[in-house]
Amino acid sequence: MYRSAAINFHRNLFLLQNQTQLAKRVTKPCDVFLNHRGIDTKRTIVSLLYDHLSLLNLRPFLDNRTMKPGDKLFDKIDSAIMGCKVGVAVFSPRYCDSYFCLHELALFMESKKKVIPIFCDIKPSQLRVVENGQCPPEMLPKFRLALEQAKNTVGLTYDSSKGNLADVVTRAANIVINSLIEIENEKHSMHRPKTPFHF
């Protein structure tokens, strides 16, 4: 009898600790937001990058891993973008067909956050915002501007027919880490008191 009570106690304590850790993780802003077209890249590069960054104790945001039932889609995504430090935009052949992808990219560019592009099975010159009925016409100029800014940002390229997925994930994770270090160093140098020069 005592043994089963002790087992139940430990089981409940374990569950409570896991829920507490999960709640802390959910309430903290993410370090990096993974912007991507799910049907092209979620099961490959994006999930692997999410797992790799998580193993490094970073807090990446990936919609299907971070959001839970009942979350308001735009509220959760927009607040994650505004709260993150770095964005990774994984461009793919059907990326520009998605209103959500373009909305997220535009929000990144407007907030002046660092975005690391990964061009997956597509060249930057092939990316175009088209009028396909998916996006309100008044949003098209904003989306085109954001896409042009991203296309003119140095990024990684990955060709799934010849490339090594592990290499591009590792390179992307290293770039994210270095970017986060740079951001922290800049933040600390801005808060450092300026010392006058004495001659």
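View 1. Phe-100 is partly exposed, because its relative accessible area is 36% (buried is under 20%, exposed over 50% and partly exposed in between, with a 1.4 Å probe and protein chains only). The model is predicted: local features need pLDDT of at least 70, side-chain atom pairs count only at pLDDT 80 or more, and totals for chains, interfaces and linings use all residues. Residues are numbered from 1 along each chain as its sequence is written, and side-chain values use heavy atoms, with hydrogens and water left out. Phe-100 is placed in helix H5, residues 99-111 (helices, H or I of at least four residues, and strands, E of at least two, are DSSP runs numbered from the N terminus). Together with Leu-73 and Phe-74, Phe-100 makes a nonpolar surface patch of about 250 Å². Patches are made of residues with over 30% relative accessible area and no salt bridge; like charges are joined within 9 Å and nonpolar side chains (Val, Leu, Ile, Met, Phe, Trp, Tyr) within 5 Å. Accessible areas come from the Shrake-Rupley method with a 1.4 Å probe, and for residues only the protein chains shown count as cover.

**View 2. Aromatic pairs around Phe-100.** Rings of Phe, Tyr and Trp (its six-membered ring) pair if their centres lie within 6.5 Å; planes under 30 degrees apart are stacked, over 60 edge-to-face and the rest tilted. The count by this rule is eight aromatic pairs. Phe-74 and Phe-100 are stacked, because their ring centres are 5.3 Å apart and their planes stand at 25°. This pair links distant parts of the chain, with Phe-74 in helix H4 and Phe-100 in helix H5, 26 residues apart. Phe-74 is partly exposed at a relative accessible area of 33%. The rings of Tyr-99 and Phe-100 have centres 6.1 Å apart and planes at 75°, so this pair is edge-to-face. Ring pairs join Phe-74, Tyr-99, Phe-100 and Phe-143 into a cluster.

**View 3. Lys-85 and Asp-31.** A salt bridge is a side-chain nitrogen of Lys or Arg within 4 Å of a carboxyl oxygen of Asp or Glu, and the structure holds 12 of them. In the one between Lys-85 and Asp-31, the closest N and O atoms are 3.6 Å apart. The two residues are 54 residues apart: Lys-85 is in the loop between helix H4 (73-83) and strand S3 (86-91), and Asp-31 in the loop between helix H1 (2-27) and strand S1 (32-36). Lys-85 is partly exposed at 32% relative accessibility, whereas Asp-31 is buried at 5%. A network of salt bridges links Asp-31, Arg-59, Lys-85, Glu-184 and Lys-187.

**View 4. Asp-51 and Arg-65.** The closest N and O atoms of the salt bridge between Asp-51 and Arg-65 are 2.5 Å apart. Asp-51 lies in helix H2 (residues 38-55) and Arg-65 in helix H3 (residues 63-66), so the bridge ties together parts 14 residues apart in sequence. Both count as partly exposed, Asp-51 at 32% relative accessibility and Arg-65 at 37%.

**View 5. Lys-114 and Glu-182.** A salt bridge of 3.6 Å, N to O, joins the side chains of Lys-114 and Glu-182. Because Lys-114 lies in strand S4 (residues 114-120) and Glu-182 in helix H7 (residues 165-191), the pair ties together parts 68 residues apart in sequence. Lys-114 is partly exposed, with a relative accessible area of 36%, and Glu-182 is partly exposed at 42%.
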